[in-house]
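Please have the sequence and the model in view while reading.

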Amino acid sequence: MRDLVYYLATSLDGYIAAPDGDFSAFPQDPVTLKTLFDRYPETCPAHARAALGVDGPARRFDTVIMGYRTYEPALTVGLPGGAYPHLNQIVVTHRPLPKAPNLTAISGDVSEHIAHLKTLPGRDIWLCGGADVAAQLIEHIDELQLKVNPIALGTGIPVLPFDGKPHSFQLAECEQQPGEVLLLTYRAS
C-alpha cells in the first residue's frame with residue numbers, strides 16, 4: 001500500500017506561510033535546497049529544475065496532491081499544466097483546471113478518493129500543500145516530514161488546522177540539514 005506523506009516547510013512556531021499564503025520569509029539557502037532536492041528531486045518545481053541543476057529521477061513519489069492555492073502559483077508563472085508535470089498532479093478544487101497531461105481536479109469526498117488512490121500500484125503520494133487539504137486527510141497521513149526552518153512567523157497558516165480528535169505520530173528520524181533546517185520525520189501511530 002502506498003503512503004501519503006505530508007512533506008512541507010514550516011516555521012519554528014508551526015506555520016507553513018503567512019496569513020495571505022506568502023512563504024517568502026522562509027530562508028532559501030542554496031545548499032539546503034540542493035540537499036533536499038537530492039533527497040527528492042521530484043519535489044522541485046519544473047520551472048526551477050534547470051536553474052537549480054535538478055535533473056534526477058523520482059526517488060519516492062509519483063503523485064502529488066495539493067489544494068488550489070498551492071496549484072495557483074504555477075498559473076502565475078505561466079505553467080497551466082502545474083508546477084509538477086513530471087508527477088501525477090491532483091488538485092483539490094471545485095474550480096475548473098486547464099486541460100493538461102497529469103493534471104486532475106477532485107472535489108467532494110477527498111478522503112474517499114485518497115483512500116482508494118493509496119490502494120493502487122505506484123510510488124508514495126506527496127501531500128504538498130494546502131493545510132486545509134492536509135486537515136481533511138489527517139486520518140490518511142502515514143508520514144509527516146517537516147522541514148523546520150529557523151524562523152518564527154508569529155501568525156499564518158498552521159501546519160494542520162483541524163478540529164477533531166487528536167492524532168498520534170511517533171518521531172522516526174531527526175536530521176539536521178544545511179542552513180540550520182531540521183528535517184523531522186514522524187510516522188502515524
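This is a predicted model: local features need pLDDT of at least 70, side-chain atom pairs count only at pLDDT 80 or more; totals for chains, interfaces and linings use all residues.

Residues are numbered from 1 along each chain as its sequence is written, and side-chain values use heavy atoms, with hydrogens and water left out.

## Nonpolar cores

A nonpolar core is a set of buried Ala, Val, Leu, Ile, Met, Phe, Trp, Tyr and Cys residues joined through side-chain atoms within 4.5 Å. Buried means under 20% relative accessible area, exposed means over 50%, and partly exposed lies in between (1.4 Å probe, protein chains only). Helices (H or I, at least four residues) and strands (E, at least two) are DSSP runs, numbered from the N terminus.

The largest nonpolar core has 24 residues, and those with the most contacts inside it are Leu4, Tyr6, Ile65, Ile114, Leu127, Leu137 and Ile141. At least two residues of this core come from each of β1, β4, α4, β6, α5 and β7. Contact means heavy atoms within 4.5 Å. With neighbours within four places in sequence left aside, leucine 127 is in contact with Leu4, Val5, Tyr6, Tyr7, Ile65, Val133, Ala134 and Ile141. Another core, of 19 residues, lies apart from the largest one and has Leu36, Tyr68, Leu97 and Leu103 among its members.

Which residues of α4 are buried? They are Val110, Ile114, Leu117 and Lys118. These residues lie on the same side of α4, because they cover an arc of only 100 degrees around the axis; the arc is that of the directions from the helix axis to the C-beta atoms. The cover over the buried residues of α4 includes β1 (4-10), β3 (61-67), β4, β5 (103-106), β6 (124-129) and α5.

At the start of α4, the backbone nitrogen of serine 111 has a side-chain oxygen of aspartate 109 within 3.3 Å. The side chain of serine 111 is also joined to that of histidine 140 by a polar contact of 2.6 Å. A polar contact is a pair of N or O atoms within 3.5 Å; within protein, one must be able to donate a hydrogen and the other to accept it, and residues adjacent in sequence count only if both atoms are side-chain atoms.

Histidine 140 sits in the loop between α5 (131-136) and β7 (143-148). It is buried, with a relative accessible area of 16%. Not counting residues up to four places away in sequence, histidine 140 touches Leu4, Ser111, Ile114, Ala115 and Lys118.

## Salt bridges

A salt bridge is a side-chain nitrogen of Lys or Arg within 4 Å of a carboxyl oxygen of Asp or Glu. Nine salt bridges are found in a search of the whole structure, including those in the table.

| Salt bridge | N to O distance |
|---|---|
| Lysine 34 and aspartate 38 | 2.8 Å |
| Arginine 39 and glutamate 175 | 2.5 Å |
| Lysine 118 and aspartate 142 | 2.8 Å |

Lysine 34 and aspartate 38 are separated by about one helical turn, because they are four residues apart in helix α1 (residues 30-39). Lysine 34 is exposed at 53% relative accessible area, and aspartate 38 is partly exposed at 41%.

Arginine 39 and glutamate 175 form a salt bridge. Arginine 39 is partly exposed at 26% relative accessibility, whereas glutamate 175 is buried at 18%.

Lysine 118 and aspartate 142 meet in a salt bridge. Here too the pair links distant parts of the chain: lysine 118 is in helix α4 (residues 110-119), aspartate 142 is in the loop between α5 and β7, and they are 24 residues apart. Lysine 118 is buried at 7% relative accessibility, and aspartate 142 is buried at 17%.

A network of salt bridges links Asp3, Arg60, Asp124, Glu143 and Arg187.

Leucine 87 is placed in the loop between α3 (68-76) and β4 (88-92). It is buried, with a relative accessible area of 2%. Leucine 87 and threonine 43 are 44 residues apart in sequence and 9.1 Å apart in space, C-alpha to C-alpha.

Alanine 172 belongs to strand β9 (residues 169-177). Not counting residues up to four places away in sequence, alanine 172 touches Thr185, Tyr186 and Arg187.
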